[in-house]
Amino acid sequence: MTTLLSLQAVTGGYGDANILHAVSMTVSDREIVVIVGPNGAGKSTAMKAVFGLLNVRGGSIRFDGDDITGWVPNKIVQRGICYVPQVDNIFREMTIHENLEMGAFLRKGDLSAAFDRVYTLFPDLKERRKTPAGSLSGGQRQMVAMGRALMLDPKLLLLDEPTAGLSPKYMEQIFQICRDVRGTGVAILLVEQHAKQALEFADRGYVLAAGQNRHEGTGANLLADREVAEMFLGG
Amino acid sequence: MELYGLLNYALFMGVFIGIYALLALGLNIQWGFAGLFNAGIAGFFAVGAYTSAILTSAAAEGRIGGFELPVIVGWFGAMGAAALIAWPIGKICLRFRSDYLAIATIGIAEIIRLVIKSEAELTNSARGITGLPRPFGDLDYMASQAAYLGIVLVVLAIAYVLVERQFNAPWGRMMRAIRDNEDAARAMGKNIEYRRLEAFIFGAALMGLGGALFAHFNRSITPEAIDPMVATFLVWIMLILGGSGNNRGAILGAAVVWIIWSVSEIATDQLPHEYAVKAKYIRLFLIGLLLQLVLRFRPEGILPEPLRGDLRHTKEGNRS
Amino acid sequence: MDFLELVNFYIIPGLVIGSIYALGAVGITLVFAILRYAHLAHGDLATLGAFLALAVVTGFGISPLAALPIAILGTAAVAVGIDKVFYEHLRERPKIVTVMASLGIALMVRAVVQVIWGVDSESYVKGIVRPDVYFGLRIRDREIYTVIAMIALVGVLQVFLTQSKWGKAMRAMSDNPNLALLSGIDNKKVVMLTWIIAGGLCAAAGVFLGINTELKSMMGWNMLLPMFAAAILGGVGRVEGAVLGGLIVGVAEELSVLVLPSEYKAATAFAILLFMLLVRPTGLLRGKVL
C-alpha cells in the first residue's frame, strides 16, 4: 500500500496559539484511520490542518505526491480531499439531490455517474432525493453530508465525528457505510469520540493527547494497550 | 463691527458644536459601547425639543401645553420623553442583531416626523412652537449668546463626566464585554438584553436633551428646523471620525465635522443661486464619501478607543 | 361602502403598490440572506433606477416600459460597482459596519440624483390616465403592467434559483455559507450575482413607482421601511415570502386609511414590522433571523 497522506511534525493552531505540537501521521491508499483521544486533544484540529483550515507554522503535509501545506481549501478539494464537518454539514433547505449537486459544484460535465455511485451507497437517499435535507433524521443527515463530499470523487475523505449524537444502531450503520465507501477506492481519516467502537472498526488508529502523538498502531493493538485503556477507554 | 460679527458667529458655532457633541456622546453610549445602531437620532432629538417646548412655553390657543414650567424641568422632561420612546423600540428589537434596530429606528424617526407634522394640538404643526424661554435671554444679545454657550458647555461637561465615569465603572466593563464577545458574556450569565436596553435608553435621553438645548437656543422649534436624514448622518460621521468608544473623540468629532460642515456652507452660499442649490447636495455626497473613507482607512477614528484595563486584556486574548 | 368600492379604491391600489414593494423586498431579502446585512441604500438605488429610466425616456422618446431594461442593467451595474468599491473591503469586519456604510451610500446615491435631476417632481408621461372599467373593476393599464411585470420578474428569478447551477449556489450560500465555501462555491461570483439581481429589481421597483405615481428624489427612501417590513413579514431569505409580504404591506397601507388619519399611512409598515418582530420574527414563511 502506498502512502496517500502524511503529516510530518505539524505544529499550528488558530490565530497565534499552537494547538498541535509536532503531530505526525499517515494514511495509505484505501485505508481507514481513526484519530481518538480525550476532549481537547486536538483531534479535529489535526483534521482541519489537513484541509487548510489552520495556520500551520511548522512541519509539512503531503498528499499524493504534492506538498499541500498552506493550500486553501478550494484547491485541496480539487486535489482530491473532501471534508465533512461535524456540525452544520448539510444545506438544510435544499433537497438531498441539490445537496449532492452542490458537492459536485467544481465538477464539469455529466454528473450522472457520480450520482449513481452515491445513490448506490445510500439507497435510502435515492428514494427521498426531493426531500429537504433539514427534515431528515440525524443519521440520514450524516449520509447526505458524506454523499455530498463523495460527489467530487475524492481519494481521501475526512470525517469529523460522524457518529456524534447518533444512536448505537446508526453508529454501526455509519461504520458500515465507511467500509462500503472504502470499497469504492476511497481512504478515510476520521475523528471519533466513541474510541472503543472506532478502534475495533478502523484499520489503524492514532491516540492524541494535548496536541501531541501519544500512541499509534492497529486498532486491535491499541485496544490491547493498557495505558491506552486506562487513559480514556474507562479501563 | 467685523470682529463683532466674527465673535457672534463663533458663539453660534460653539453652541451648535456643544449640542451636536451631546448627540455624539449619546450615540457613543449606544454604538461605541454597546454596538447598537441608531439610525433615528433626529427622532429622539425632535422628541426632546418638542417635549421641552410644550412644558415650558406660554399657553396658546388650540394646543395643549403652555405649562410655563421652569426650563430645567423641560430639559429633564425632554430626556424622559426620549427615553420613554426608546424603551419599547429597544425592548422589541434588542433581542436581534443590530440590523433590525437600524431599520426600526429609521421607522420611529419617520413616525415622529409624521406626528409632529400632523398633530396640531400637540405641536402646532408646521408653524411650530415659538416664544420659548431662554435662560439669561433678557441680557444683551451678545451676553445672552455667551451665557447660553456657557450653559451648553456646562451641560456637556456634566454629561461627559457622568458618561466617562459610567464607562470606567463595572457597568462599562460589562458593556464592552458584551459588545466584544456576546457569547462569552452570555455564558457568564450577563443579562445582555437588559444591559443593551439601558445603553439604548441612556443614549436616547442624551439625544433628547440635545434637542431641548437646541429648541431653547432658537426660542422656537418647527418641523423644518432640522433635516432628519442630514442631522442623523452628521452625528454618525462625527462619532466615527472622532473615534467611537472614546468620549473625547465624540466631542472632537462634533467640533471637526460641524466646522467643516458650516464653513463649507458659507463657502457654497457665495456661489450663484443655481450652483448653490447643487452645491448643497454635493456637500451631502462628500460627507457620505467621508464616512466611507473613514470606515476604510481609519476605522478607529482620530482618537481611538482608549485601552482600558479590561479591554487591553480581551484584545490580546482575541489575537491569540 | 360596498364590496366593489373596497376593491376599487383600496385593494387594487394596494396590490399595485404592494407589487412595487415586493420587487424591492425580494432584493432586500436576498442581500439579507446571502450577504447577511440590512442594505439601507436599497430605496435610493430604486430612485436611481427610476431616474435612469427617465433619462432614457426623455433622451430617446421611448415609453418607460421600453426604458425598463436599460434602467435595470444600469442600476445592476451601479450596485455591483458600489459593492466592489465600498462594501467588499468591509466583508471581514462586523456586518453592522456595512449597514452603516450603506446608510452613507443611501445619502450619496440620493445626492447624485438630486444634483443631476434636481429635487422637483417629474413624471414619465404628462396627463391624467383614466382607469378602464372591467366588470365594475376600475383598473388602469399601467396597474396591470406593474403586477404582471412583478410576477414575471419574480417568476424568472425563482426558475433561476431553483433550476440553474449558480442559482442553487446562491441558495447554498444563504443556507450554509461555510459548507458552500468547503464545496468550492466561488463566493465572489455569488455576491456579484446577488447584486446584479438586487440592483435590477430595485430599478424595476423604482420605474414602476414612477409609472404609477411620480418621480421624486425621496421616493426610494420612503419605500425603504415598507420594503423591509415586507421582507421580514415574509421571512428573511424567502423570495416568495417577500412577494407575499410586499402585497400584504401594500394592501394594509391602503386599508389603514379606513381606521387611521391618512397622514399615518406610512406608519402601517412600521407597525407590521414591530408586530412581526414581537410575535414571529421568522416571518410567515419561516425565514432566517439574524
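The model is predicted: local features need pLDDT of at least 70, side-chain atom pairs count only at pLDDT 80 or more, and totals for chains, interfaces and linings use all residues. Residues are numbered from 1 along each chain as its sequence is written, chains are lettered from A in the order in which they are written, and side-chain values use heavy atoms, without hydrogens and water.

**Extent of the contact**
- Chain C contributes 46 residues and chain B 40 residues, contact meaning heavy atoms within 4.5 Å.
- About 4000 Å² is buried between the two chains, 79% of it on carbon and sulfur atoms; buried area is the accessible area (1.4 Å probe) lost on putting two parts together, summed over both.
- In chain C, the residues that lose the most area to chain B are C:Met100, C:Leu107 and C:Tyr264, together 17% of what that side buries.

**Polar and charged pairs**
- Eight residue pairs are in polar contact, both residues at pLDDT 80 or more (N or O atoms within 3.5 Å, one able to donate a hydrogen and the other to accept it; residues adjacent in sequence count only if both atoms are side-chain atoms).
- Between chain C and chain B there are zero salt bridges (a side-chain nitrogen of Lys or Arg within 4 Å of a carboxyl oxygen of Asp or Glu).

**The side of chain C that touches chain B**
- Helix 4 of chain C gives the most to this side, with 16 residues (helices are DSSP runs of H or I, at least four residues).

**Annotated span of chain B**
- UniProt, in an unreviewed entry, lists residues 142-163 of chain B among its "transmembrane region" features.
- Residues 142-163 of chain B are 100% helix and 0% strand (strands being DSSP runs of E, at least two residues), with end C-alpha atoms 31 Å apart.

Note on methods. UniProt positions are given in the numbering used here, feature names are shortened, and annotations may be inferred rather than shown by experiment.
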